[in-house]
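Here is a brief report for a first look. Please keep the sequence and the 3D view open while reading.

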Amino acid sequence: MSGAIIDLRSDTVTRPTPAMRRAMAEAVVGDDVLGDDPTVIALQERIAQVMGKEAACFVPTGTMANQTAIRAQTEPGDEVIAHEDSHIIHYETGSPAALSGVMIRPLRGHAGLFEASDVEEAVRPNNVHSPHSALLVIENTHNRGGGAVWPLERFARVAASARQRGIRVHLDGARIWNACAATGHSPADYARHADTVSCCFSKGLGAPAGSAVAGDRATIARVARFRKMFGGTMRQSGVLAAAAMHALDHHRARMVEDHANARRLAEALSGVPGLSVPLPVETNMCFVDVDPRHGSAAELCQRLKAAGLLVLPTAPQRVRFVCHLDVSAAMIDAAVAVVARAVGAAPQPVA
Ligand code: TLP
């Protein structure tokens, strides 16, 4: 891909920086299947501490983090309650059904958020006919909700409504780092209301791969068992853990820049005729709705690609732009000009 291309498809597209590559090259490693990779052990201890949990398990992907957490806390036939726009419903290839044999009870709510009363209504009665409501999954930030952040108090209230009924809570914290950068809360502030929490190192933090699940020791032992069953236990994975460590040390504080860039993009694009920004921009994502007179979202994405801007459609008339480590404010301004040209509008001045 040429340097002229601006890639806003996802924050997963970042490449390891030279300093991160050095940290990876210098990592002390061992065989993590045998439990003796010191860098993986150190990362797991660090994540447990950051999340305020007893233990953590390093896994290859955010999907495996969610799916091992679901498998560890459910039985086949159980029901998992989650927002209808959740990542586990849209983008994990049906794995809750395939890997855990669970059903999903989807909840409605603006921007991926819902209320304690929604959970209460969804809980099944305890009788021989009904599935067992076993797990609530809350996504923070919420991807299809526009990168929306759960206000801490609301998160606590919703999680408590489940836990009071004996339902465990999993926090899909793939972008918990963004939620914390936006609010000033710590990951543990959110995680203390959940039984398990996942996080990703390969999104806004800029590592090439890797995620983790944290929770109590017994649950994490089950997560580690299902990680092996699902084929995700790696050998000298300390090279990846070193990238994650480096990312935690050097790339967390700068996430506010991605949020500022997403706001900059939203302000400019909302002024382009035929485009609108349907969801508040709270973190590093900006969703844009395209008037059908400019074609479908997929068609617009093709035109943008031809002009050197990569973005992805998320609905027939909706396009997602994601800001990240490899994107500067100047690149955002260039992206705005590409979009304006593609929809035949004069480029908008950017504040
Ligand atoms: N999200 C990806 C795509 O799968 C859509 C992206 O580009 O945003 N939870 C959340 C909230 C996520 O957004 C993602 C990835 C995951 C879990 C899964 O992570 P990976 O891709 O590492 O399996």
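Where is Thr 141 found? Thr 141 is in the loop between β5 (133-139) and α7 (152-163). The model is predicted. The peptide bond that leads from Asn 140 into Thr 141 is cis. Its omega is near 0 degrees.

Another threonine deserves a look. Thr 93 is not a glycine, yet its phi is positive, at about 60 degrees. This residue also belongs to a loop, the one between α4 (87-90) and α5 (95-100). For background, most residues other than glycine have a negative phi, and most peptide bonds are trans.

## Where the ligand sits

Find the ligand next. How many residues surround the ligand? The count is 15. The closest are Ser 10, Thr 63, His 87, Asp 172 and Arg 175.

Which helix gives the most to this shell? Helix α3, residues 62-72, does, with three residues. Sorted by class, the shell has seven polar residues, six charged residues and two nonpolar residues.

Now zoom in on the oxygen atoms of the ligand. Gly 62 uses its backbone here: one of its N or O atoms lies 2.8 Å from a ligand oxygen. Lys 203 uses its side chain, where an N or O atom is 2.9 Å from an oxygen atom of the ligand. Arg 320 also reaches the ligand through its side chain. A polar atom there lies 2.8 Å from a ligand oxygen.

How much of the ligand does the protein cover? On its own, the ligand has 510 Å² of accessible area. The protein covers 83% of that area.

## Salt bridges

Step away from the ligand and turn to charged pairs. Side chains of opposite charge can pair when their charged atoms come close. The structure holds 20 salt bridges.

One of them joins Arg 105 and Glu 79. Their closest N and O atoms are 3.8 Å apart. Which parts of the chain does this pair link? Arg 105 is in strand β4 (residues 103-107), and Glu 79 is in strand β3 (residues 79-83). The two residues are 26 residues apart, so the pair links distant parts of the chain.

Note on methods:
Residues numbered from 1 in each chain as written. Predicted model: local features only at pLDDT ≥ 70, side-chain atom pairs only at ≥ 80, totals over all residues. Heavy atoms only, no water. Near = heavy atom within 4 Å. Polar contact = N/O pair within 3.5 Å; in protein donor to acceptor, adjacent residues only side chain to side chain. Areas by Shrake-Rupley, 256 points an atom, 1.4 Å probe, with all protein chains shown as cover. Helix = DSSP H or I, 4+ residues; strand = E, 2+ residues; numbered from the N terminus. Nonpolar A, V, L, I, M, F, W, Y, C, P; charged D, E, K, R; others polar. Salt bridge = Lys/Arg side-chain N within 4 Å of Asp/Glu carboxyl O.
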